[in-house]
Amino acid sequence: MGQTVLEMKGIKKSFSGIYALSGIDFSLELGEVHALLGENGAGKSTLIKVLGGIYQPDSGTIRINGEEVKIRNVPEARAHGIGIIHQEIVLVPYLTVAQNLFLGREIVRNGVVDMAEMNRRSAEMISSLGVNIKAEEYVENLTIAQQQMVEIVKAVSFNGSIIVMDEPTSSLSNEEVEQLFQIISVLKEKKVSIIYISHRMEELFRISDRVTVIRDGEYVGTRKTCETNPNELVAMMVGRDLESFYARDFQDLKNAETAMEVKNLTCEGVFENVSFQVHRGEILGFAGLVGAGRSEIMESIFGARHYQSGQVFLHGKEVRFKNPMEAIKSGVALVPEDRKKQGLVLGNSVAFNLTLASLRFYMNGIAISEKKRKTAINKYFERLRIKAASPMIEAGSLSGGNQQKVVLAKWLATKPDVLILDEPTRGVDVNAKFEIYSTINELAKEGIAIIMVSSELPEIINMCDNVCVVREGRLVGKLSKEELSQEEIMKYAAGGVETYESEEQ
């Protein structure tokens with residue numbers, strides 16, 4: 001055991017008499033990355049807000065470097081070396097990096113803010129973490145990843161010795177994730193201790209030293225990362241053993257009917273000569289690096305993006321959708337990558353969102369039959385196991401996993417023959433992932449043709465019958481279930497093999 005820099009013991013916190021935390025224990029060692037794992041609603045955020053001085057615990061103790069402390073507000077947390085990097089970036093976009101780093105503690109000389117000195121010190125702090133960002137650059141010009149780096153620099157600049165990272169990779173590309181991991185390595189070398197919150201198992205096993213699991217506001221247990229495995233952690237999180245994290249019953253597709261065929265689809269400057277088939281009951285994966293053109297291909301098929309040449313055949317008949325409504329009426333549905341911007345009207349109810357794309361099924365003449373609509377809402381609430389107090393609550397108030405289930409339910413309500421899923425489990429907790437995988441598996445068994453775009457290779461490998469790999473707008477490889485491995489997919493995605501000539505299928 002190393003030196004313990006933080007110990008939280010028996011932390012309890014209730015809201016309106018209902019416990020969000022029921023006696024949580026958590027410890028952190030010097031220079032350690034300690035992952036905090038749990039479903040949405042398990043109490044992770046509440047625990048972190050107690051540590052950060054936003055909430056006051058009802059009972060329990062917090063010790064920093066062996067000394068018991070009371071953290072009554074955010075400045076006191078900072079004074080104890082605690083910095084929290086929230087999932088939502090909280091920098092001021094119209095100020096420079098240096099101005100953000102020194103916000104509220106500006107260097108003033110003779111009554112004037114000394115920007116030159118602030119820029120100099122900011123550049124030193126940025127350089128010390130190996131980050132390549134100019135102190136004079138305006139934050140609004142930075143990528144999300146670069147803004148996150150600035151947040152990290154800011155946290156460390158307050159003499160931060162305990163840094164909390166809440167879902168830090170949820171909006172990052174693979175390359176940006178690598179940069180973040182390099183910075184975490186630098187922080188560890190500087191003996192900074194990190195609490196790392198993420199739903200991505202592969203990340204936890206790569207960078208964490210220990211994992212603590214909490215469930216329903218209670219402490220479940222702590223494991224050394226090198227002595228556990230994903231199945232054990234999933235079982236700890238959801239309270240039951242899972243035979244497999246990925247729920248998939250593979251079917252014999254030899255005689256399966258072709259549901260959709262795409263031939264030489266080209267959108268100039270975005271992708272070219274893309275050809276593939278997907279069969280009834282098949283899950284066809286699309287893998288590739290972020291920016292490879294996978295989402296754009298799906299948008300073109302769905303009528304949401306114009307393409308110059310190529311053909312799309314649905315059940316043997318050529319189609320060219322002018323807009324998504326035509327695609328929906330023909331039995332094609334697309335669950336988009338960004339559920340908040342493209343998938344949901346967050347300020348409207350769950351019921352409104354769930355039936356938004358399928359209103360034609362609930363019509364009696366020119367009026368909507370509320371009875372038919374309510375039947376559909378109840379059906380998909382039950383099928384997708386959506387956790388909400390009522391269908392009438394705002395969609396934006398649900399957890400990420402339940403929001404994603406609503407998006408999926410919305411498109412299932414259109415009764416599609418071909419279902420396109422773009423990053424179907426991004427940013428959702430492990431239990432919601434398992435339930436979404438189970439639903440996808442059921443849909444494939446029912447004969448729906450499914451195209452799954454995903455950046456999570458374990459998801460692609462365990463859920464798909466065949467996988468198309470896209471690189472720089474070209475389909476560079478097609479792999480069967482037997483050929484699938486992370487190494488093989490990345491060989492094609494990153495350019496390890498030159499090209500792939502589309503077979504006549």
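Analyst: The account below begins with the aromatic pairs and then turns to their surroundings. The model is a predicted one.

Across the whole structure, a search finds 3 aromatic pairs. One of them joins Phe 15 and Tyr 55, whose ring centres lie 5.1 Å apart with 65 degrees between the planes, an edge-to-face arrangement. Phe 15 belongs to strand E1 (residues 4-15), while Tyr 55 sits in the loop between helix H1 (44-51) and strand E4 (59-64); the pair therefore ties together parts that are 40 residues apart in sequence. Phe 15 is partly exposed, with a relative accessibility of 35%. Tyr 55 also counts as partly exposed, at 23%, where the limit for a buried residue is under 20%.

Another pair is formed by Phe 302 and Trp 411. Their planes stand at 80 degrees and their centres are 5.8 Å apart, so this pair is edge-to-face. Phe 302 is found in the loop between helix H9 (294-301) and strand E16 (309-314), and Trp 411 in helix H14 (residues 400-412), so that distant parts of the chain, 109 residues apart, are linked. Phe 302 and Trp 411 are both buried.

Arg 320 is placed over Tyr 307, at 4.0 Å from the ring centre. Lys 415 lies over the face of Phe 361, at 4.5 Å from the ring centre.

In soluble globular proteins, nonpolar side chains tend to be buried together. Here the largest nonpolar core comprises 86 residues, and Phe 276, Ile 301 and Leu 419 have the most contacts inside it. Helix H15 (residues 430-445) is the element that gives the most to this core, contributing 7 residues. A second, separate core has 48 residues, including Ala 135, Val 153, Leu 187 and Tyr 196.

Note on methods: Residues are numbered from 1 along each chain as its sequence is written. This is a predicted model: local features need pLDDT of at least 70, side-chain atom pairs count only at pLDDT 80 or more; totals for chains, interfaces and linings use all residues. Side-chain values use heavy atoms; hydrogens and water are left out. A nonpolar core is a set of buried Ala, Val, Leu, Ile, Met, Phe, Trp, Tyr and Cys residues joined through side-chain atoms within 4.5 Å. Buried means under 20% relative accessible area, exposed over 50%, partly exposed in between (1.4 Å probe, protein chains only). Helices (H or I, at least four residues) and strands (E, at least two) are DSSP runs, numbered from the N terminus. Rings of Phe, Tyr and Trp (its six-membered ring) pair if their centres lie within 6.5 Å; planes under 30 degrees apart count as stacked, over 60 as edge-to-face and the rest as tilted. A charge sits over a ring if NZ of Lys or CZ of Arg is within 6 Å of the ring centre and within 35 degrees of the ring normal.
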